[in-house]
Structures are given as structure tokens and as C-alpha cells.
Amino acid sequence: MNTPERESVHPQSADLTQPSLPSQARVWRDLAWVAAATALAFACSTAFDLGERLYRSTRGGAERFQLDELPGVLCVLAIGLAWFAWRRYRDAQRELVRRRALETRAAGLLAENRRLGHQALQAQERERRHLARELHDELGQYLNAVSLDAARIRDLAAPHEPEIHRAALGLIASAGHVYRQIGDMIRRLRPIGLDEFGLPSALEHCVGGWRERLPNASFALTIEGDFDGLSDALNVALYRLVQEGLTNVSKFARASRVEIFVVRAPNAQPPVRAAVDEIVVTMLDDGPGTDLTQPRSGLGLVGMRERVEALGGEFHIASRPGEGFVFCARVPAQAGAAEPLA
């Protein structure tokens, strides 16, 4: 199975509105060639008397066909072509400046779009954290109180009131069911252990849960590098990537081998940039795969791409029918540090 090719999206730091030195060097070099060719032609004409020989050879028909008027006409034509080339050069320069201005504006709009997307994800995670806390602190406590009161009623009614005893047992079972459902909701809203134990432990817990849900699938998780000091937004985004990838596995590749790699490593970007820490998340399976040219109705991959790009990263997928599925996300390790979750 082929892994997706990485696309280079790193903008150059040079000022695109100014001509580069290599371009200016080529212009002067071309002008030097023109001057050299002109000087060589003049030297050859002088050495071999080409003008006199041409005049003598064409003297008979020159007056008849007015060939002696050609030098002046050719001089005007050369000047006109030079003027025409200069005008086209100016037009090309104006078009180039306009395109560069549009590219700069597009880059600014893209950066603004990513910033807004990042803020939306931040607000979403902030609301999820708030809901998880409310569910745990408020509903969890009340359900515990209901369970305790029902257990007290069960114990008091056991010898004399069988109907009340059975009702208390049913109330205890219902409270336990609701409590478990709330626990599942809290886990979906906020990754378990992410705040207390860090990203690696949370990912291991997440993969362990999917091992229990999908006993026919094989899961291998590899985590390399130091994941301390990452922003909360980045931790949550990386966790959601793995979580969404495992959800896709449960839908389309329930009995396959799944390999997950989460690696933090320096990335030296050409041509002269310093090494920058980045985190690479790769997940691949040997399931049925899919045809990426066909439209997809789900929003999972779209959401994954939006999360990664909102943090200034890259997201790639590759799949063919019968050849499994792979996605690769590359995110700067410093992403999301400016706006921590409240």
C-alpha cells in the first residue's frame, strides 16, 4: 500500500514583489550576448566587405526592385519590434505584480480562515469541557444520591414490602444505566486522562477501548518522542484524529490490522530554514479501502482535515479499493500555544 506523497506548502521568505538577483543576472547576460553578437557581425562585415559585395551582386536588380531602400525599412522594423517587445514586457510586469498581489491577498485570507477555524475548534472544545464538567459534577452527584436513597429504601422495604423492594431495585438499575451513559458521554466530550496523564496515556486508553469493542481487529500503537509542553488545543486535536480514525475503522474495516504511529521529531525545511518540531500522526489499515474519486457523504475526513489545517498543518489520505486506507497528518508542535483553552 502506497503512502500519500507529501506536498510542499512552505512559502518562501523572499519578497516576491522585487525581482530576484538571478533574474537580473540573466537579463544582463542576455544583453551581453546581444552586444557581443552585434559586435561580431560588425567585425565580420568590416573584414570581408560584406556590404560592398552584397551591393555589387545585387546592383542589377536593386534599382528595379528598390532593394536599396531596405536598410532604412529594416531599421524602422527593428525599432518597432523593440518597442513592441518593451510594451509586452511592461504588460507582463504589471500582470505579474497583480498576480503577486492577489497571491498575497489569498495567503492572508487563508491565514485568516485558519485562524477563525482554530478559534471555532477552541470554542467547541471549551464548550465540550464545560459540558463534561457539568455532567460529572452535577448529574453524577445527583445520580449517586438517587442510588444511595434507592438502596436505603431497598434495605428498609426488603422484609415487609416486596413491591417497594422491587421498585427500589429497578430504580437502582436505572440510575446505574444512566450513570454509565453519562460516563460514555463524558468520554466522548473530553478524552479520559488527557488532562491528568498526558497524550500518550490517553491514546493508549483510547486504543485499549477499541480493542475491547473490535476483538476481530488487531491494533498496534507506536508513540515516539516527547509530548510534554504541548498546547491543550494540539493535544485534543491529535487525540481526536486518532479517535476519528478508529471510528472509520469500526465502520469500514472491522476485521483488519490497524497500525497507528504518533511521532514527534524535528523537521528541517528547505532551503535554509532551521529545524522545526512537528508531530506526525499516521494511521493505516489493510481493510477494504475506498475509491477517493467518488463523493463521500460522511464528515469525518472533512473534520479531520479542518482540525489539522486550522493548526497550520498538512493532511493527506490515500486509499484504493481492496488496498486499505491510510491518512497522515503533520502538525507543528508549537501549534495552538497562543490561545490555550480556558
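This is a short exchange about how terms are applied to a predicted model.

Colleague: What limits apply to the model?
Modeller: In this predicted model, local features need pLDDT of at least 70, side-chain atom pairs count only at pLDDT 80 or more, and totals for chains, interfaces and linings use all residues. Residues are numbered from 1 along each chain as its sequence is written, and side-chain values use heavy atoms, with hydrogens and water left out.

Colleague: How many helices and strands are in the protein?
Modeller: There are 9 helices and 5 strands. Helices are DSSP runs of H or I with at least four residues, strands are runs of E with at least two, and both are numbered from the N terminus. Along the sequence the pattern reads α-α-α-α-α-α-α-β-α-β-β-α-β-β.

Colleague: What makes asparagine 235 buried?
Modeller: Buried means under 20% relative accessible area, exposed over 50%, and partly exposed in between (1.4 Å probe, protein chains only). Asparagine 235 has 12% relative accessibility, so it counts as buried. This residue is in helix 8. Leaving out residues up to four places away in sequence, asparagine 235 touches Leu194, Leu199 and Leu230. Touching here is contact, that is, heavy atoms within 4.5 Å.

Colleague: Why is glycine 229 called exposed?
Modeller: Its relative accessibility is 79%, so glycine 229 counts as exposed. Glycine 229 sits in the loop between strand 1 (218–224) and helix 8. Its C-alpha atom is separated by 9.1 Å from that of alanine 333, 104 residues apart along the chain.

Colleague: Why is leucine 50 called partly exposed?
Modeller: Leucine 50 has 41% relative accessibility, so it counts as partly exposed. Leucine 50 lies in helix 2 (residues 50–57). Its contacts, not counting residues up to four places away in sequence, are Cys44 and Ser45.

Colleague: How much of the whole protein counts as buried?
Modeller: Of the 342 residues, 28% do.

Colleague: How do you know that helix 7 and helix 8 are roughly parallel?
Modeller: The axes of helix 7 (residues 199–213) and helix 8 (residues 232–252) come within 10 Å and cross at roughly 15°. Axes are lines fitted to C-alpha atoms, for helices over the stretch in contact, with angles from 0 to 180 degrees between N-to-C directions. Angles under 35 degrees count as roughly parallel, over 145 as roughly antiparallel, 65 to 115 as roughly perpendicular and the rest as oblique. Helix 7 and helix 8 are therefore roughly parallel to each other.

Colleague: Which residues of helix 7 meet helix 8?
Modeller: Leu199, Ala202, Leu203, Cys206, Val207 and Trp210 do. Their partners in helix 8 include Asn235, Leu238, Tyr239 and Val242. By class, the residues of this contact divide into 10 nonpolar, 4 polar and no charged. Ala, Val, Leu, Ile, Met, Phe, Trp, Tyr, Cys and Pro count as nonpolar, Asp, Glu, Lys and Arg as charged, and the others, Gly among them, as polar.

Colleague: What makes helix 8 roughly antiparallel to helix 9?
Modeller: The axes of helix 8 and helix 9 (residues 300–310) come within 10 Å and cross at roughly 165°. That makes helix 8 roughly antiparallel to helix 9. Helix 8 contributes Ala237, Arg240, Leu241, Glu244, Gly245 and Asn248, and helix 9 contributes Gly300, Leu301, Met304, Arg307 and Val308. The contact of helix 8 with helix 9 has 5 nonpolar, 3 polar and 3 charged residues.
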